[in-house]
Amino acid sequence: LRFSDNATMLFFGTTPYPVLQDTSRLSEEIINVEVWHYKDKRLYTQQNVELKKDRMKNYQAVFHILSSKMVQLANEEIPQIKTTFNWDATLVMGFSDLRYQREFSWEGWSKDDLYVIDVQTGNKKLIKEGVQGFSNLSSGGNYINWFDQTDSTYYVYHIATGKTNNLSAGIKTTLVDELHDSPILPYPYGFAGNTKNDEAILIYDRYDIWSLDPQNQKDPIRLTQGRESKTQYRYVHLDPEDPTIDISEMFIHSFNETSKKEGYAILSGKNKKLNLLTTDDFHFSSPIKARETQDIIFTKESFRVFPDLMASNFKFKKPVRISQANPEQSGYSWGSIELYNWISLDGEPLQGLLYKPQNFDPKKKYPLLTSFYERNSDNLHRHWGIVPHRSTINPTFYSSRGYVVFVPDIPYKMGYPGESCFNAVIPGVTSLIGEGYVDREKLGVQGHSWGGYQIAYLLTRTNMFTAAGSGAPVVNMISAYGGIRWGTGLSRMFQYEKTQSRIGGTLWEYPLRFMENSPIFFMDKVTTPVLILHNDNDAAVPWYQGIEMFTALRRLDKPAWMLNYNGEPHWPTKWENIRDYNIRLQQFFDYYLMGQPAPQWLEEGVPALMKGIDNGLELKK
């Protein structure tokens with residue numbers, strides 16, 4: 001239940017009477033059969049996952065207190081509405097994706113039909129069909145705006161006049177992801193919000209904040225000047241009780257792409273002067289402001305600095321640390337981090353993160369452990385506590401034990417994800433070998449999920465790595481393509497065609513791409529010992545993918561091990577299993593890269609009779 005702020009309306013949900021099973025029938029008389037129809041809007045598997053939600057589904061209605069009248073706003077055809085922050089609007093926005101649910105299975109992105117709904121009468125008016133992109137009702141309820149991914153344009157529909165305007169035609173800078181490298185339509189940089197009285201809409205490009213006039217009488221205005229210095233500016237909403245933006249004074253978060261410095265600034269005045277409050281080699285969180293004063297609390301962190309709570313006013317003269325949540329860190333060996341630059345085999349300048357041990361000596365030779373998942377260099381100032389991660393190596397832990405850890409960025413070429421990884425990672429590793437402090441005979445590589453796939457692919461293309469860890473890898477895109485992501489019930493097709501796997505088309509359009517990017521067909525080329533993690537309750541990547549990789553390597557008599565934590569999903573979630581996996585991963589790399597003794601499980605395995613009795617972690621002497 002929700003009253004409007006003006007206390008004239010009460011909003012609530014209504015639901016159709018449920019269809020109930022005949023309880024007079026015996027269980028053996030009930031036929032439990034699933035009928036999958038090719039025209040079902042949602043796959044039967046998705047319907048099963050969403051069954052509880054479907055049974056609880058309700059549709060927004062309103063009771064007008066002064067007239068004692070009830071009006072149904074949403075229904076089965078238009079199941080969702082958006083109203084204003086204070087729920088006082090006389091017209092609301094309705095949206096429905098029902099017509100487009102079926103194609104979501106292969107497109108990977110839904111569409112919406114947008115409506116205006118009269119709160120007094122319930123009358124509905126269709127204003128736009130098939131919007132692919134986000135949509136929003138303005139804070140004052142005067143217009144509906146949306147971003148259309150098909151033409152990378154912002155539009156606004158004026159409810160009073162019924163007129164639609166193209167708002168961003170005057171902006172020559174692209175408003176969608178400039179680093180986009182997958183076959184799906186690129187995403188926009190986003191929407192900051194509306195100013196007071198619906199006077200302007202604020203949006204982002206890669207670096208700057210733009211003001212758009214919903215009346216389309218003024219040209220778009222670039223409020224910040226970040227592109228010149230490659231500094232990204234983003235508005236920070238400090239007042240949760242006011243959805244609008246006060247454009248006369250805006251609190252801004254800044255991030256420089258080159259140096260990775262972050263900070264806060266105030267954008268104020270008619271000339272939109274940017275007053276830099278603070279900037280440093282840290283990651284700064286979104287702050288929380290006091291209700292009545294200019295005081296804020298926030299966190300700042302770096303590789304070496306734990307994100308304790310800080311208190312300050314907007315002058316940032318003397319910020320005060322008000323928590324000390326991790327005093328034990330001072331008792332640990334702690335390495336360092338830096339940006340590393342190299343050139344890919346495609347000729348593209350790339351960046352990556354390089355972690356070095358404490359008291360690093362460039363004259364010594366260190367084992368190198370490489371780990372990756374798309375792009376991570378913007379995380380230069382993120383803090384990694386000494387905590388075992390669920391699926392990937394902890395660079396703080398490994399660098400503290402004498403490893404150099406490399407996390408390279410990877411740009412992708414559509415249709416060739418495996419080769420893109422090879423072209424980015426291999427020259428990065430060889431460049432580090434050329435620095436003189438990396439032992440070329442002790443090179444490890446590790447990744448999980450999409451990272452695990454790329455590890456498997458690399459092992460079929462190079463023998464330079466001494467040991468590899470591959471978690472939840474897709475090694476056979478052909479067998480995986482037609483499967484189900486059991487966590488959502490969705491078809492896996494869109495993932496391979498449009499999103500992360502980046503093949504760019506169907507299996508019958510590009511069969512050779514599916515084969516070339518599937519490591520299973522080239523397992524005979526693998527020479528690197530590999531530790532595979534794949535759990536039998538993985539709802540994201542079918543665990544038979546890990547089995548395919550393991551059984552192929554076993555048949556070829558290649559050194560391979562597979563860990564399956566029974567009942568666990570895409571990665572271990574129970575603390576004991578997370579800890580166990582990290583111990584085994586450490587023992588595996590220590591054996592191959594540090595010359596440490598092998599544990600029992602690595603040399604002899606653990607038979608099913610001993611599962612849960614002897615974990616085989618004891619080191620062999």
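**View 1. The largest pocket of the predicted model holds about 1300 Å³ of space.** A pocket here is an open set of points on a 1 Å grid over the protein atoms alone, where a 1.4 Å probe fits, with protein on both sides within 12 Å along at least five of seven lines. Grid points are joined across faces, edges and corners, and the volume is the space filled by probe spheres set on the points. The largest pocket is lined by 31 residues, and Arg42, Glu50, Asp54, Arg55 and Lys57 are the closest to its centre; a lining residue has an atom within 4 Å of a point. Elements that give two or more residues to this lining are α1 (44-49), α2 (51-55) and α3 (104-107). Helices (H or I, at least four residues) and strands (E, at least two) are DSSP runs, numbered from the N terminus. By class, the lining of the largest pocket has 12 nonpolar, 10 polar and nine charged residues. Ala, Val, Leu, Ile, Met, Phe, Trp, Tyr, Cys and Pro count as nonpolar, Asp, Glu, Lys and Arg as charged, and the others, Gly among them, as polar.

**View 2. The second largest pocket has a volume of about 860 Å³.** Of its 30 lining residues, Leu179, Arg206, Glu257, Arg375 and Asp378 are the closest to the centre. Strands β17 (231-235) and β27 (349-356) each supply at least two residues of the lining, and β27 gives the most, with three residues. The lining of the second largest pocket divides into nine nonpolar, eight polar and 13 charged residues.

**View 3. Helices α5 (residues 417-434) and α6 (residues 450-461) pack at an angle of about 75°, with their axes 9 Å apart.** That angle makes α5 roughly perpendicular to α6, a term for angles of 65 to 115 degrees. Axes are lines fitted to C-alpha atoms over the stretch in contact, and angles run from 0 to 180 degrees between N-to-C directions. Contact (heavy atoms within 4.5 Å) involves residues including Phe422 and Val425 of α5 and Trp450 and Tyr453 of α6. The contact residues comprise nine nonpolar, two polar and two charged.

**View 4. An open sheet of four strands has the order β1-β2-β3-β4, with antiparallel pairing.** Two strands pair if DSSP finds at least two bridges between them. Strands β1 (2-3) and β4 (69-72) stand at the edges with a single partner strand each, so one side of each has no neighbour in the sheet. Six bridges join β2 (residues 9-14) to β3 (residues 59-64); Leu10 has Phe63 of β3 as its bridge partner.

**Notes.** Residues are numbered from 1 along each chain as its sequence is written, and side-chain values use heavy atoms, with hydrogens and water left out. In this predicted model, local features need pLDDT of at least 70 and side-chain atom pairs count only at pLDDT 80 or more, while totals for chains, interfaces and linings use all residues.

Note on methods
Parallel < 35°, antiparallel > 145°, perpendicular 65-115°, else oblique.
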